Each structure stands twice: as C-alpha cells, then as structure tokens.
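Trainee: I would like to go through the ring contacts and ligand surroundings of this model. Could we take them one at a time?

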Amino acid sequence: MIPYVNEYDTPNCNTLAETAKKSIRTPESLGLDRCIQCGACTASCPAARFSDYSPRQIVKKVLENDHSVLESKMIWSCFYCYSCNVRCPRNNSPVTIVQVLRQMAINEGIGVEKLAYFLEIGEYLAENGASKVPETGIRNMEKDLGERWIGIKRNLGSTRSEMGLSSRDFRNTNGEVQAILESTGYFEREKWIKIKIEEKRIHGFVKTNYSDKDKKNGEFGFESDRKYTGQEAITV
Amino acid sequence: MKAIESIPDRKLLLFKSCMVGQEYPGVETATRYVFDRLGIDYCVNDEQSCCTGIGHYTDIFEGLTTAAIAARNFAVARKCGYPNITCLCSTCYAVNKEACELLNTNAEVRDKVNSIFKEKGFDDLVYEKGDMDSRTNFYHAVEILLSKVGQIKEAKKFDFSGVKAASHHACHYYKVKYLDVVGSPENPQLIDTIAEACGASPVRWYEDRTLTCGMGFSQLHLNKNTSLQVTKTKLDSLQRAGVELMLHMCPNCHIQYDRYQPVIEKEFGVKYDMVHMNIAQFVALSMGADPYKVCGFQTHSVPLEGFLEKTGIL
Amino acid sequence: MTDGTTEGLNKAAVFICHCSGNISEHVDIDTVKKTLKAEGISVYDYEYLCSSQGQALIKNKIIEGHLDRVVIGSCTPSKHGTLFKKCVQEAGLNRAGLEIANLREQCAWVHPDRAGATEKALSLLKAKLKRLENVEPLEDIKVDIVQQALVIGGGIAGITAALNLADNGIPTFLVEKDSSIGGQMAKIGKIFSPDKLAEECAMCSLSPLMNEVAAHPKITLLTWTEVENLSGSAGNFTVRLKKKPRYVKDNCTACGRCSRVCPVLVEDEFNCGYMDKKAISLRFSQSVPKVYCIDPNHCLQLNGETCGKCAAACKNGAIDFSQKEEIIELNVGAVIVATGFEEYDASQKPQYGYGIFENVMTQMELARVLGINGPTKGELLRVSDFSKASSDPAPATCDSRCESSSNDSCAETPKRIVMIQCVGSRDEKEGGNRYCSRYCCMAALKHASLIKKRYPETEITICYIDVRAFGFYENYYRAVQETGVNFVRGRPAEVIEKPDKSLVVRVEDTLNQKIKELPADLVVLSAAMIPSPGTKKIASVLNLSQDESGFIKEKHSKLKPVDSSLDGIFVCGTAQSPKDVTDTIAQSGLAAVRARAFITDSPKTLDNEIATINQLLCTRCGGCLKCPFDALSLNESGRVVLDPLICTGCGYCTELCKEGAVKVAGFTKPQLKAEIEGVLEEGDMLGFVNSGIASLTCDNIGNSVLTYPSNVKLIRVPTSLVVDIDLVMHAFRHGASSVLFVEDPPDNPRAEAIYPLAVRHFEKLKEKLGDSGNRIHFKKAYVPNIKGLAGTFTSLAREGEMIK
Ligand SMILES: Cc1cc2nc3c(=O)[nH]c(=O)nc-3n(C[C@H](O)[C@H](O)[C@H](O)COP(=O)(O)OP(=O)(O)OC[C@H]3O[C@@H](n4cnc5c(N)ncnc54)[C@H](O)[C@@H]3O)c2cc1C
Ligand code: SF4
Ligand code: SF4
Ligand code: SF4
Ligand code: SF4
Ligand code: SF4
Ligand code: SF4
C-alpha cells in the first residue's frame, strides 16, 4: 500500500519524534525530548480519567520510536482539550503529538474509517464557506435530543430572521475556499481516504455502525475495563 | 499574560462562528447588542469563511489547508480595514492565532500558501510576514467584554444579585496559547469578573473547574460514552456547588452542556438544576435585551423560562 | 635603556634549561649556544633552571655581569613564570627585564624534527632578546586594602562567614535587615542530617552560633539595618547603611512586659502568618540581639495615636520613641553577600489550591506547625482546625520541650497527608523555575519522618518525580522508607477540595500506570527556593551579575564558586543557589577564606600588564571610556583615570584611543613589533594567542604529544584586541604567510565580555585588509579541543610552506 504523503503535517524523518517535532502543527519550542515521564499530562487528561488512554504512554512510545503506536486505538481517544499542553512541566505537548500521530496513521490508511463520519465537513466548507455537523451526527443528535431540537432546527431560518439575521449563516467566499481546498490537496486526500475506507469495508474491517461501544482492549499493559470511578475518591 | 489595557475596542472584525450561526444565533446577536451599547467599532463580514476548526480537529484537514484558509480570512479582515479578528468561538480563536504564528515564522508554508493564491489569481490574498501579529490581532469577544467591565456594570438594568453563577472557560482559549491569555489558565476568572459586574455571585472555585466540556471534536461522535461522562462530571460538580446558571464562552461547550444536559439526565438517571448561556447573552440580558429577539433563548435545549421568571425578566 | 643595541646586548644574557632532556633531547642546545655567542650574547645552560641551584646560577650571573636583561628559555611561563620573576627581582632586576621563551610546550614537545626545533628555539630566543631592546621598567602598582570586612545577611550563611572572618582576626560587620539574625534556619525547627538518621534541633545548633556572633569582639552586629549604597573599588569599598530605629534601647532585658500590654496584633511573618504577635515583639524567643523591636507600621503611638502602654510597662525605661533612622558609613576591604532565599509563592500554581484551600500548605508552613515554638506548639493540626493563637511571649525553650510527647487529643490530627514535590521547581511553565531546589526532597522526607514518629497512624504519601537524596542522604531516605511512608512516582495534576474541607490529589502513579485520587486531610507543597527579595535588591545595589532566576552568579561554577562578578565581593549560601544548611556552611567557610585572603594580601601588588594612559597625548575625548569593565573614568578635573583593580589589561581601549595615548604595559606596539621581527622567517604562520585559556590550550598540545610544523610561531598577547592592522601588516612584511588569532572561549565573565569584541575586531581587521583579509584567521580555543587547534596550526603552516 502506498502511504499518502502529507509533507507538512508529517514530514518524512527517521524517527517518530523527529516527525513530530518538524510537523507544522508543532511549535518550535516543543519539549518532547525533555519529557521526564512525570505523568502530569495523564493525570490531567479527561480521556485518561475515563478510558484506558495515557498521553504519557503515547509520548513514551514516540520517544522509543515504536511505530505500533500508530495502530493503537489510543490515539483516537484524545479530546484535543490541551490540558496536557498547559500542565507539562517540560513544555512538551502530548496533544500536538497525538495530532501528528493521527495524521501519520491516516497516511498509512489506519483509522481512516473514523474519518468517514466527518469528511462531509470538507465538502460543505468548500461549497458554503462554513462548517456543519455531519449528517450522521445530525441523525444521532436527532435521536438523542429529540423533538425539541428537531423543532429548533426546523425553525432556525425564521428564528434567525426574527432576530434580525439573515435566514441562513450566509458566507460569500467567491469560490476562493473551494479553490484553496482543491489546491492544498484536500479533495485528492478525501478521495484517497474514501478508497481506503472502501477497501477496508470490502475486507470486512469496518463496522458501519459508529457508536463504538467496544470494551477497551488493554493495550500497552493497561488494565482493561476500568470502571468509571465517579467523583468519589478511591482510598488507597 | 495579556494586559487588559492592551485589548482594543476599534477595528474589530466580529468573526462569525459556524456553530453559533447554526445552533445558537443568539450568541452573535447578543454580542452585537452589547458591542453596540459599549460603543465598540466592529464589523461583520460575510466574505469571512469558517476557520476550519471543526474539520481541523477532526483530523480531516491538513495543516496546510487550515493555514491557507486562515490566510484568506486574514486578507478579508485587512481588506475591510478591521484587522482585529474577534472570535465568538474559542476554537476559531486558537486556530487563527496558531495559523498566524505559523505563517509568520515558517517561510516554507507561507511561500507555499502564497504560490497557491498567485496560481489561482487571488493576488489580493497573499500573506506577507508580519501582516498580522499573532499577539495583537486576535481576540475572543469575551476579552472585549472584560475590557469594558466598568461600562457593563454601569449599564446594568436587571438585578441578578444572588444568582449563583459558575463559569466554564473554554479550553481552546485558555490552554492552547496559554501564555497569551487574560489571567492564569489554571485559575481563569475572565467570565466570573464579567458576571460579577452584572451583579451575579460567581462561584469562583468548584471541583473540576478546568475540566474540558467533553465535546472533544470527534469524541462526542466516536466515543460518546466517555464524552458524556466528562460532561456529566462537571455538571455533577456544579450541582453539588448549588449552581443555577452556567456561563460559557464557546458554542462547542454550549452545545455540550445545553444540548446534552437533558441527554445525560436521561441516560444516567440524574437531574440538574442549572441553565446555560453564553456570557455575552448574560451581559445582554443584564443590559435589558429581549431574551428571545436578542438572546435567542428559543434555540436552547434547557429551557430558560424558569430562570428568567425567577429573576424577573419574564 | 633603549639606546645602542650592542651596549644593550652586552648587559643581556640568555639562560637555557635542559629540563632534563625534555628540551635538550629535541633542541640542539650547543648549536643554539654557538649561534648566539657568535652574535656576542652571553648564554648559559643548566639541567634544571627551576631548581634552587638553577635559580642561584641566574641570580649570580645577573649580579656578576650587571645584567639588566634576561631571557630564559624553558617551559611555559604559566608554569614557572612567577618563580623566575621572583628570582630575577631578588637579584635586583626589574621584572620588565625578564622574558621567557617557551622552548618546551611550544617547541621541543611539538616539533619532532630536531633541526626544525633547534631553528625555532633560536628564533624564539632572538625574538625575546629583540623585545627586550625596547624594554621600559615596570613600576609595581600597589594598593592598600582596608582591613575590615562586611557580611550582608545574618542567616546561617552570614553567621558562618562572619564568625570565620572574625576568628581569623578580621574585624567584621554583620548587617541584617531583620530585627534578629538567624534567617530561615531559625524557622525550620528540626534539620535533617546526612549521617544520623535522626533529626536535630535547628535552634540548638543555631542559637549558640548567634550568641557567639553577638559576643565576638571582632564582630559588629548591625540588625534592623539595610545596605543603601556601595562605592569605591575592590579593597576599598565605601558602604552606606541605613539603620532603622527600633524604638527600644539596648538596655532592654527582654522581659516581655511591654508585649503583654501592647494592644496591637500584627501578622507574624516568622510563623508564616499562622499566628499573631504584638506590635512590640521579638522575632522569636531566641532572637539575637535579644532586644525588643517596635513595628513602626502598626504601633499606635508611632502612627499618631496616643498609646505608649509599652513605655509605661517597661521597668528599664528602654523604650524610646524619639529614635531616628541612622546613616552609617563604613570602609571595608571585602564584602560577603549572604542574603538568602525565600519560599516560592505556591499560589502561582492554582491547580494545587494553595491560597484557595485552607488545608494546602507549604513545607515551611508545615515546619512552623511542627515547630515547638510555632502556632500549635508543635502539635500537628490542620489549618482549618487551629485558630490563630497569640504568640506566647514567654520563651519556649526548645530543649525542654523538644521531645515532649504529643498530647493525646489527636481528634483533629490529619490522618492522611499528601506531599507534592517540585512545586515551582523543575518547571518550565510561566512562573515556575527550571532548576531543582535541592532541599525539598529532603525536607519532605524529614517532615514525613517527624510526623511518623509522633503520629505513627498517619498515612503519608509523597508524590515525587525523582527523589533527590544526594550523597549520604540516601541513608536517610532508606530510613524514612522503612517508617512506612508511601511514595508515588508522578507529578500531580491537581488538588481538589471536598465540601468537608478534605482534599483529593489527582496523580498518575507512573510506575503502575494508574491514575490515583489520593484522599488527604492535609496537602503539603514542597515549594521551590527562590532568591530572597533582599538578594535581588542587593544584587542591584552592588551591581552583581545574577542568573536568570535572580540568584547571584559566581565567577566560575567550579573554580571560583564564591567569587561574585566583582573583585572583592564574595557570595555564599542560598543567595548564590538553592542548597541545604550543610552546603551553605561549607560554602560560607570558603567565602570567608577567600575574603580573608583578599584582605590580608595588602598592600596588593597588582598585575602591571594593564592599561596606562599617557596624559600628554590624551585629548580627553572620552573615546576609551567604553572599556567593557568600566575601568576607565573621568575624574573631577576631567582627566581620564584608570582603576588598576578593575582593568584586566584586555587592550580594547588601545584601539578606541585615536591618539595612541593608551597602551597596555608589556604589550606596547614597539615591543610586539620587535618580537614579530625576531620570531618570523619567510613562510611562517604567526599566531597571536590570548594569554588565558588559549595559551593553556596551546601548551596542552605539547603535553599531549601532538605535533605541528616548526614554522608555527606563537606570540602571547593579553587578548587579540592589542593587535591592530599595523602589527598584522608588520607581520606580513616580515614573512608571515598567515596570521591566526587564538581567543579564549566566552565561558567566564571576562571572556564573555572580550569574546564578542574580539570577534568584531577580527572582522573589522579582515575588512580593512582587503585582499590580504583571507590571510588572517580566528579560532576559539577550548582546552579539550587540542587536536582541532593542532590541526589548524598544521594546515595553515602547510599552506605557508606551499606559498613559500
Ligand atoms: C521548609 C524548609 C525546610 C528546610 N529544612 C532543612 C533541613 O532540615 N536541613 C538543611 O540542611 N536545610 C534545610 N533547609 C534549607 C535551609 O533553610 C537553608 O539552606 C538555609 O537556611 C540557608 O541559609 P542562608 O543563610 O543562605 O539564607 P537565609 O536563611 O535566607 O538568610 C538570609 C538572611 O539575610 C537577610 N537578608 C536578606 N536580604 C538582606 C539585605 N538586603 N540586607 C541585609 N540582610 C538581608 C535575611 O533577613 C536573612 O536573615 C530547609 C528549607 C526550607 C524552606
Ligand atoms: S507532562 Fe510532559 S514531561 Fe510529564 S509525562 Fe507528560 S509529556 Fe512527559
Ligand atoms: S488534549 Fe488529549 S491528551 Fe491532552 S489532556 Fe486533553 S484529552 Fe488528554
Ligand atoms: S518591657 Fe522593657 S525591658 Fe522588658 S522587653 Fe519590653 S522594652 Fe525590653
Ligand atoms: S506604643 Fe505601640 S508598641 Fe507600645 S504598646 Fe502602644 S501600640 Fe504597642
Ligand atoms: S529537591 Fe526534590 S522536590 Fe526539590 S526540586 Fe529537586 S527533585 Fe524537586
Ligand atoms: S585594558 Fe581593557 S580592561 Fe583595561 S582599561 Fe583598557 S579596555 Fe578596560
């Protein structure tokens, strides 16, 4: 399989750490090499608190240049909340590293099925200059949020008008956004991703249902099935 | 740390947010209502596009795409003479600020973006180093409110005294570019200070105060269970603290708390007593704005009528 | 002296050392002798010139032959330069009449080819002879050093330094800004020690020392006093002090009657604000001097209200509201700065809840709570459980109560304590400090151990990143582990307060990869050590270099750990860097020794190879005032004057002066020209070598059996700044194929100032030389990089040969 080339986010380097540091998603002062495995990131991380996820472990894998991290489900659990970013005493930024790792995974066709849900955002942006919740998301939301929300959405145009806004959040981008997405390779990549997803579907790797209720698999030697501990402190 | 005195009130481009426009248009109208009354010089420009944030953080855009879209929006801001990009959404704020830093420091990316513009004949979009300053050209609308907190206090029409309000400060405002924020990212008081000026009694400290809202971009959709657990954690804490009003500064948090509070109540069998709004909506209310025509509360999932009646607005 | 050469040469002689074969095996000494003799020069050689016999030979020949110029061909002048200088001076020769040619490290040892080495030795000796033709005698510059010292700061560092100075006979002033000496050590209660696994009583060690200070005939103690200003130069400083009024005279007997009647309560800094004291009080009961002091900000009487209750209560009439601020001027030869540290303000890390949650405290605050003279009289209580108790003015002597067992009303004693390490240390985030504070791992272990001993039921957990129990302290660490203290390896994310005021610490136990929520009744933060405000202030008053965090920077971290950036000013204790009491005392002793050595070396003979100003040529344009060390200034009458104690002889000013009025003694243009002429042959590579690290590095090439061609000729200069375009052209005219400047790397304060100037100087030279610019080169010489330097020599020399 030929990996997708995304030279700005994932420059081709000898090690994962080098790629992470040279990526344009990464600030220059990133303290990746200085990580002391103190765990402040993990202790601050909402994903780690409620699932088997650990930014510290991810950083360790990256520093060990262990490419299996790309295959790990872990990297898809980050909230991009930047709590680790603000707490790391070494000015490392696990959240930035996870972003680069996800891009690297995508290049390899790993985890692309998770993107299927969101690809629509790009198309919508090209056409309308704005983003929106993808259709599948809307259907899920309709299910969850029920009639009240459906009603709100149905009346949105008139509500907006009553409030003195245009009936739709209108953007006039003169086709420039469409052109930018095209020239920066968005559509090419989208196509590539779609093909990958299709390949995987054929090979039966992909579940069509996205509500991932799987139990965590205990990768990286984590305890599996850690229960949500709630707010009460555990006594040690 | 950002000095409050350095926050401008002129030449602000009020940067439209997709999630505000589609879910809570009242945040935009309330902000405009307040800005108008504070005498702030701003404009809204339909040529501005989405910042790409939603796609960027669901990993579907490459960094280059985000940078190019940002460069285009910067050109829109400069061309209309309103170069101080002022965001309603914390993700717009972070994405734009980071993109500006990238365009200023990375010549390779800048050249690439410019070559695309030139190739397409968009010569007026070309970004030269230093066209925007990542520190002084990017603001969150709430920062503007904070800089006018004295005026807000004077313009107060309603008495919210005794209203136990708690704030949720947006992660992408406080934790991404944490050196360039108002106050400490570990103990943010931005919203509380404004809420206090409107007469509310802010609950300045509650458990898990800096915890993220739980939306997590793809997480709400891919790992809904975890996502809602995070949201629930914070709602639980607020409930224990006896909070009746939760104030936010970002439409994504807003969706997570307002839209999903009823869902969490149903799925986890809990009950919460608080209502939600953006701090700009709260300031507008305090200045006497119409809860529906200006604040757009009819688009909220958690009904606010009880709160509005209690405080004498309805 | 500069007249006719033949006559001059008659009175000159050359001494060559064999160095027991080290030189003679590579240099044909007979040939050298013959050649020189043929030119009418007296030459002597000896097996070991540095031996006493060798020195006697030199002295005899000087006296016998009425010699006034001597060239010694021997090992590097860095080795025996001082010895030979003393030797010729004892024979009545001016030291300017001595030149040393380095025939060993820069000739015999680096040129295996005997003919080449011999030829080079000859050229080196001739160059030195030629240099001596232009010699002018150098007057010794002597300054008197004031025989008194000043120590600023009365913590354990200042106390130790002052006692050491005084015990060695130096009259010493000890200035303390507080009302009592003792510093932070007085507050910490017990101290950990490296050899015993027990904690000692800090006050028991400190108190006798404080009393000794007060009683020492050679120490003048000035408490409640601050340094306003320092002027003058090393050896003769004038210090202006401001002594604040205490409003209590020295006949106070510390009976405490005044304090009991005083109606005003003041927050007590000594007890971290956990306790109040009166407006008239002692800092702590063992204060030295034991004289009460009125807090002028809170006393009613001093703030316009009528009170005077204390004066009425005092049976000794010690209270005197008419006392005024006093300005004291002192003259001292040396200064020791010992102004100490303060604890980091942990509220800068709100995630740990300090200042937000009542039961989060720092180690220093815990020390006060555990202190027998503290707010709870040593009982371990949560802050939320003890109410502010007014200080008991009756002195609680520590020895009597130190080991008293706990009273058993342990109802509120915290059951679970969590300590968080490295708060504000090892932290790159805003408001944090990058360094390790060095004391806090041990302080945490100490407090854990103290608590475990008195309250064995208490559960204590220390959250650490690394436990830094360096050296013998590891024993202590092991002992504490055995008491059952828990250790969790992880930096906590945050502290959470529960409605019942109990706390939870969220941390990842990185050793088993579990996120833990540790319940705690009390959370103790091991906050960083940061320079005290007094340290930062004194650094700016005295104009001392500070590091990025504000600690006072030493001249060299290894070799000169207590010398500040200014001569005659020394630094010790936590004003210099974070450290514990043991290290503080060791360092303070050294500071005292260094200060004493500086003072007793009086009158001080200064290195005379420094700038001199020819007042006849000087137009007072002020061009030279840009001296990087501020050694030059205009005096009242407008004359440019040089401070010989400050000038480093770098030569930067020689270039600045357009009139040629400034020169560096020993390295004047005629002298350098003469040496150039003497040393050079066609096609030689000429190196100008900084006499510091660069010379050492060149010598080291010889010590390391590396070689380079013998057409490499080196001339020692104070810095390359004395070499101007004229000299470079002169070298080219006399056959140099290329010129290389070898400079010291910028890693000591002097070189940090010089190096950039030298680089700029070189670039300008290159530009001015135009086409010949590519014949000059610049190299930074690190001592370990001898191979690189030898390589450069070799390649430049080869190029020279090829051109030839
Ligand atoms: C909680 C805690 C526990 C500790 N426990 C131990 C332990 O068990 N064992 C151990 O070895 N070490 C311990 N230490 C470290 C120990 O306290 C220090 O190493 C020691 O006190 C340093 O002494 P110092 O004289 O350098 O500074 P300081 O004690 O700070 O003394 C400086 C003095 O200078 C005065 N001063 C400041 N500025 C000026 C000025 N401008 N003019 C005049 N005077 C001025 C101050 O008032 C003060 O009296 C502990 C530290 C802490 C915080
Ligand atoms: S907080 Fe920073 S230093 Fe600590 S483990 Fe995480 S990435 Fe490494
Ligand atoms: S950004 Fe991701 S890794 Fe970092 S704290 Fe948030 S969820 Fe955890
Ligand atoms: S009453 Fe007089 S003697 Fe006694 S402590 Fe006070 S000032 Fe000193
Ligand atoms: S005069 Fe001042 S110090 Fe004396 S008792 Fe009154 S308030 Fe206290
Ligand atoms: S001594 Fe220990 S607690 Fe203190 S900074 Fe160093 S490692 Fe951290
Ligand atoms: S030789 Fe150097 S230190 Fe001395 S006065 Fe001249 S410039 Fe200053």
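**Ligand shells and aromatic contacts**

Mentor: The shell around ligand 7 consists of 11 nonpolar, three polar and no charged residues. Here Ala, Val, Leu, Ile, Met, Phe, Trp, Tyr, Cys and Pro count as nonpolar, Asp, Glu, Lys and Arg as charged, and the others, Gly among them, as polar. This is a predicted model, in which local features need pLDDT of at least 70 and side-chain atom pairs pLDDT 80 or more, while totals for chains, interfaces and linings use all residues. Residues are numbered from 1 along each chain, chains are lettered from A and ligands numbered from 1 as written, and side-chain values use heavy atoms, without hydrogens and water.

Trainee: Which residues come nearest to ligand 7?

Mentor: A residue is near if one of its heavy atoms lies within 4 Å. There are 14 residues around ligand 7, and those that come nearest are C:Cys627, C:Cys647, C:Cys650, C:Gly651 and C:Cys653.

Trainee: What is the angle between the planes of C:Phe570 and C:Phe598?

Mentor: Rings of Phe, Tyr and Trp (its six-membered ring) pair if their centres lie within 6.5 Å; planes under 30 degrees apart are stacked, over 60 edge-to-face, the rest tilted. C:Phe570 and C:Phe598 are edge-to-face, with centres 6.3 Å apart and planes at 70°.

Trainee: How far is the charged end of B:Arg37 from the ring centre of B:Tyr33?

Mentor: A charge sits over a ring if NZ of Lys or CZ of Arg is within 6 Å of the ring centre and within 35 degrees of the ring normal. C:Lys244 lies over C:Trp224 at 4.2 Å. For B:Arg37 over B:Tyr33, the distance is 3.7 Å.
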